Amino acid sequence: MKKTAILASIAGLAMTVLPFGALAQDDDADAVPPLSDVWVMVVKPGMDDEFNAAVATHLKFRKDAGESRAWNAYRVAAGHNMKPVAFRSCCFNWADLDTHAAETEELGLREHFAANVAQYVDHLHHYLERADIENSHWPDEGTNGPYYSVTTWKVKEGAGPEVREARARISQLALDGDWADGEINWLWFSREIGDAEISLVSSYENYAAMEPPEPSFYEFIVEEIGQEEADAVFADFSSGFADSDHTIWVHDPDISTPQDDDD
């Protein structure tokens, strides 16, 4: 992967999907359950309206049935594949997944999905993702987006620890050097199930907010540690990846878990 692609994405042009109010930073990062449950669906051609109506009905059923989770839906606003619709819920520990699996059966959630939504779905994927809160910078009050810029890197088989160490170094330099300064937010994820990937997420109010910052993130890191060391850190980061993808997602409240009027 070209270093320039990595620099551009980390510089604020790219990062991954969704409002995570519950992932507010804490003095004790371990206090925040790190897992997110992610379902990605591709709608059958020509059935978007039917799918939207069915999902809205299904999520209302889940809420009325007393499901303990809320789901936020995201559509692709810009990217090479406009088909996926992502549904995300957070924040959990592994044991919480057992609790929700039992709840799903008890409330008949799976059966309701099969009877009302599945007929409009071409195919779907189910993932679990882990947030690296210690190396992220997310607002205490969460964020409402509605846009989420996402860069995902596919990890090479046999990638060494230098990738993880470089990611932590870059993130901590940004945090310690006040790169964020209250204006830029980011959240790191790693996929726990499926192909090995890491993703970087940032939220934006609109497209204008996505304008690359000045100085660039690369220039900021050079100022912090010098060009030679900065190039070495970015080279370590890029060494473990086979490919990358950048997508902008937008939150869709119409097919998310409905909120109460006072939420």
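Which side chain meets Arg88 in a salt bridge? The side chain of Glu129 does, with N and O 2.7 Å apart. The legends below describe this pair and other close-up views of a predicted model, in which local features need pLDDT of at least 70, side-chain atom pairs count only at pLDDT 80 or more, and totals for chains, interfaces and linings use all residues. Residues are numbered from 1 along each chain as its sequence is written, and side-chain values use heavy atoms, with hydrogens and water left out.

**Figure 1. Salt bridge between Glu129 and Arg88.** A salt bridge is a side-chain nitrogen of Lys or Arg within 4 Å of a carboxyl oxygen of Asp or Glu. Because Glu129 lies in strand β4 (residues 121–137) and Arg88 in strand β3 (residues 84–92), the pair ties together parts that are 41 residues apart in sequence. Helices (H or I, at least four residues) and strands (E, at least two) are DSSP runs, numbered from the N terminus. Glu129 and Arg88 are both buried; buried means under 20% relative accessible area, exposed over 50%, and partly exposed in between (1.4 Å probe, protein chains only).

Figure 2. The whole structure contains 11 salt bridges. Glu105 counts as partly exposed at 41% relative accessibility, and Arg110 counts as partly exposed at 48%.

**Figure 3. Aromatic pair of Trp153 and Phe237.** Rings of Phe, Tyr and Trp (its six-membered ring) pair if their centres lie within 6.5 Å; planes under 30 degrees apart count as stacked, over 60 as edge-to-face and the rest as tilted. The whole structure holds 13 aromatic pairs. The ring centres of Trp153 and Phe237 are 5.3 Å apart and the planes stand at 90 degrees, so this pair is edge-to-face. Trp153 belongs to strand β5 (residues 147–155) and Phe237 to helix α7 (residues 227–238), so the pair ties together parts that are 84 residues apart in sequence. Trp153 is buried at 0% relative accessibility, and Phe237 is buried at 0%.

**Figure 4. Stacked rings of Phe217 and Phe220.** The centres of Phe217 and Phe220 are 6.0 Å apart, with 25 degrees between the planes. Both residues lie in helix α6 (residues 217–225), three residues apart, about one turn of the helix. Phe217 and Phe220 are both buried. Together with Trp179, Tyr218 and Phe234, they form one aromatic cluster.

**Figure 5. Arginine charges over the rings of Phe92 and Trp188.** A charge sits over a ring if NZ of Lys or CZ of Arg is within 6 Å of the ring centre and within 35 degrees of the ring normal. The charged end of Arg69 sits over Phe92, 3.8 Å from the ring centre. Arg167 lies over the face of Trp188, 5.2 Å from the ring centre.

**Figure 6. Backbone details at Cys91, Pro215 and Asp178.** The peptide bond from Cys90 to Cys91 is cis, with omega near 10 degrees, and Cys91 is found in strand β3. Another cis peptide bond joins Glu214 and Pro215, with omega about 0 degrees. Pro215 lies in the loop between β7 (197–204) and α6.
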